[in-house]
Every structure is written in C-alpha cells, then in structure tokens.
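Me: I am new to this structure and would be grateful for a close look at a single part of it. Please begin with the surface and then turn to the aromatic side chains and a helix for context.

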Amino acid sequence: MVPGRDQEDFRDLPLAVVNTLLQSRAPSTRRLYDLRWRKFTNWCSSRGENPRRCGIRTVLSFLQGGLDRHLSASTLKVQVAAIAANHDLVEGRSVGKHNLVIRFLKGARRLNPVRPRLVPSWDLSVVLRGLQSDPFEPLQSVELSALSQKTALLTALTSIKRVGDLQALSVSDSCLEFGPANSHVILRPRPGYVPKVPTTPFRDQVVTLQAIPSQEGDPNLSLLCPVRALSIYLERTESFRRSSQLFVCFGGQQKGKAVSKQRISHWIVDAIRLAYQATGVPCPLGVHAHSTRGVAASVALANGISLTDICRAAGWATPNTFARFYNLRVEPVSSGVLNASPVTPEADTV
C-alpha cells in the first residue's frame with residue numbers, strides 16, 4: 001500500500017518500480033511514520049482539519065501540544081518527518097523544510113534540551129554476578145532463551161554497538177571468524193548493511209572480541225567470556241538455523257529465522273532482569289537495551305581504555321557524543337568491560 005503523498009507521485013509507475021521505491025525507507029521507519037501520521041490524522045479530525053492539506057499553523061499547533069507534554073525535540077522531529085511524508089507541499093516545499101517548522105524545532109531544543117542520565121539506571125556488577133549463575137549457567141545445557149539473552153547482552157556490552165548493528169552481524173564465512181583455540185572472534189555486518197549513522201566506521205570495520213581466560217583469583221570470570229558464549233550459541237543453534245543472521249529465534253513457528261531489532265532489545269532487557277533476580281536484588285524500572293552503550297563505554301573509560309578507542313568501537317565520530325549523552329559516573333568493576341584485552345587500532349572492540 002502506497003502511503004500519503006506518494007500515492008500521487010507513484011500513480012503512473014510500474015508496480016515493480018513502486019515496490020523498489022518503497023524500500024527506500026526501512027520497515028521500522030515506515031511503521032514509525034505510520035503511527036505518528038495516524039496520531040496527527042486523529043488530532044486533525046477532532047478539529048475538523050484535513051491532515052493532508054492543513055496549513056502550517058495547524059501543524060505547529062500540533063507540535064506545540066507535544067512540546068507542552070514535554071516530548072523531546074527528537075520525538076517532535078520524527079513527527080515532522082512523518083507529517084512531511086504524507087502532507088501536501090506547502091508553498092512548494094515539504095512541511096519539514098518550511099522555515100517556521102525549522103525554527104520551531106530549534107526552539108524546542110532550547111526549551112526542552114536533552115537531559116542525559118548522570119548515573120547508570122542499573123548496576124553492571126550486579127548483572128555480571130547474575131550472569132555467572134542459574135539460569136545462565138551451565139551455558140551448554142541452559143534453556144535456549146537464557147543462552148540467547150546472555151549471548152546478546154555480552155555481545156552488546158563488549159562491542160558497545162547499537163541493537164541495529166547487532167542485528168546486522170552475520171554468521172557467513174566472510175563475516176565470522178574464530179581465532180585459534182577461540183582466543184578471539186571477528187564479527188562483520190552483512191554485506192550492504194547501512195548503519196543508522198552512515199558515516200560510522202562500522203560499515204567498513206570489523207568487531208573483534210577477545211576471550212576472557214580463567215584466572216586463579218576468580219575462575220568464574222571466564223563464564224562472562226563473549227567468545228565462549230558466541231561459540232556455544234552458534235553450536236546449539238546450528239541444527240535449526242534458517243538464516244545467516246547471527247541472532248535467530250529460539251522457539252515457536254519462527255524458530256531459526258532472523259530476529260528483529262525489537263526482539264534483540266527484549267533479550268538484552270530480559271537478561272538484565274533475570275541477572276538481578278539471580279542475585280536476589282530487585283531490578284530497577286525503566287531498563288532499556290540502549291543503556292548498554294553508556295554503561296559499557298563508561299566502565300571501559302574508568303578502567304583505562306582510551307576514549308579514542310571507545311569512540312571507534314561505538315561508532316561515535318567525536319568524543320562529544322559520548323561526553324554529552326553517554327558518559328556516566330561509574331566505579332570500575334572489571335578490567336575493560338568484562339576483563340577483555342585493550343583495544344588495538346586495527347580492531348573495533350572493547
């Protein structure tokens with residue numbers, strides 16, 4: 001189904017061309033735009049306005065209502081993009097390029113600036129303790145759900161990647177390679193993957209995760225090894241795997257098929273929640289999968305990993321992004337993040 005203004009633009013085009021043009025936006029983006037557009041449509045209908053042909057004053061009034069409800073400037077920007085994708089041109093321009101809309105978003109950023117957390121929403125040391133016990137160990141025989149959750153969380157922590165980047169990782173021969181005696185693992189995104197920020201070096205670089213050897217002082221530390229978790233995960237999913245994507249569904253009719261970004265996010269949050277339960281500590285409310293980036297990067301910095309290497313691993317073009325949005329006040333709990341080896345310039349790892 002062709003959305004919004006595209007109905008007119010695509011009217012005389014062949015169906016195959018239309019299908020290709022529709023792929024210019026990711027499915028998740030199309031769903032998000034559709035949700036925001038429906039909200040705007042309902043708001044306009046309640047006021048007797050035509051959502052596709054209403055004036056800029058109506059659009060600005062809708063946005064102001066969101067700002068009054070303390071919606072962030074980034075959320076308002078998504079609303080503008082959704083409206084612009086469906087609204088008729090105004091004075092020959094898209095709604096999103098109208099001077100008043102641009103000025104409104106700038107004002108919204110000043111009135112409601114981003115206020116990042118100063119402390120982690122959850123305790124990494126508690127989670128690491130929980131991951132070393134039931135229901136996550138012994139990893140060779142635990143439920144596939146626990147194995148998937150633990151592997152996803154360890155991979156997220158040690159790579160400092162977005163969930164979308166984790167979903168792009170592939171098990172094809174050209175994208176996955178274990179070192180001798182599983183000393184490390186090299187991971188690459190699937191060919192053609194375009195990251196959220198196209199300028200990120202992740203598109204062309206690899207992710208190298210180092211193994212955590214057993215130590216006399218804490219032999220259980222090896223239970224946090226991401227290389228071990230990935231090796232066991234691949235071994236146990238090989239028999240039912242139906243996708244080259246690294247993470248696949250572990251049950252139901254979709255078993256073996258590629259999982260969505262949303263499902264990987266649920267795995268990460270579930271792993272944190274279950275790890276808290278394993279230690280007998282109540283899990284904080286409002287835990288998000290994206291928080292692993294700030295927690296892992298902040299702990300790595302506190303343990304001596306250079307900011308340059310952290311930014312390279314996370315895909316941040318400058319340290320300003322880390323300083324503004326991700327830098328948390330943490331106490332060192334292990335070497336690096338999970339006692340991994342220091343980053344080298346050739347490897348995208350922490």
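**A loop residue and its surroundings**

Reply: L13 is found in the loop that runs between α1 (6-9) and α2 (15-22). The model under discussion is a predicted one. With a relative accessibility of 35%, L13 is classed as partly exposed, because that class lies between the limits of 20% for buried and 50% for exposed. Together with V17 and L21, L13 makes a nonpolar surface patch of about 200 Å².

The aromatic side chains come next. The structure contains 9 aromatic pairs. One of them joins F40 and W43, whose rings are stacked, with 6.4 Å from centre to centre and 15° between the planes. F40 and W43 are 3 residues apart in helix α3 (residues 27-45), so about one helical turn separates them. Both of these residues, F40 and W43, are buried. They also belong to a cluster in which ring pairs link W37, F40, W43 and F62. Another ring, that of F240, has K255 lying over its face, at 4.7 Å from the ring centre.

The helix to consider is α12 (residues 291-302), which has 12 residues. From its first C-alpha to its last, α12 reaches 17 Å, close to the 16 Å expected at 1.5 Å a residue. Helix α12 is mostly covered, with 10 of its 12 residues buried. Among the buried residues of α12 are S291, T292 and R293, as well as V295 and V299.

Conventions: Residues are numbered from 1 along each chain as its sequence is written. This is a predicted model: local features need pLDDT of at least 70, side-chain atom pairs count only at pLDDT 80 or more; totals for chains, interfaces and linings use all residues. Side-chain values use heavy atoms; hydrogens and water are left out. Rings of Phe, Tyr and Trp (its six-membered ring) pair if their centres lie within 6.5 Å; planes under 30 degrees apart count as stacked, over 60 as edge-to-face and the rest as tilted. Helices (H or I, at least four residues) and strands (E, at least two) are DSSP runs, numbered from the N terminus. Buried means under 20% relative accessible area, exposed over 50%, partly exposed in between (1.4 Å probe, protein chains only). A charge sits over a ring if NZ of Lys or CZ of Arg is within 6 Å of the ring centre and within 35 degrees of the ring normal. Patches are made of residues with over 30% relative accessible area and no salt bridge: like charges are joined within 9 Å, nonpolar side chains (Val, Leu, Ile, Met, Phe, Trp, Tyr) within 5 Å. Accessible areas come from the Shrake-Rupley method with a 1.4 Å probe; for residues, only the protein chains shown count as cover. A salt bridge is a side-chain nitrogen of Lys or Arg within 4 Å of a carboxyl oxygen of Asp or Glu. The expected span of a helix is 1.5 Å times one less than its number of residues.
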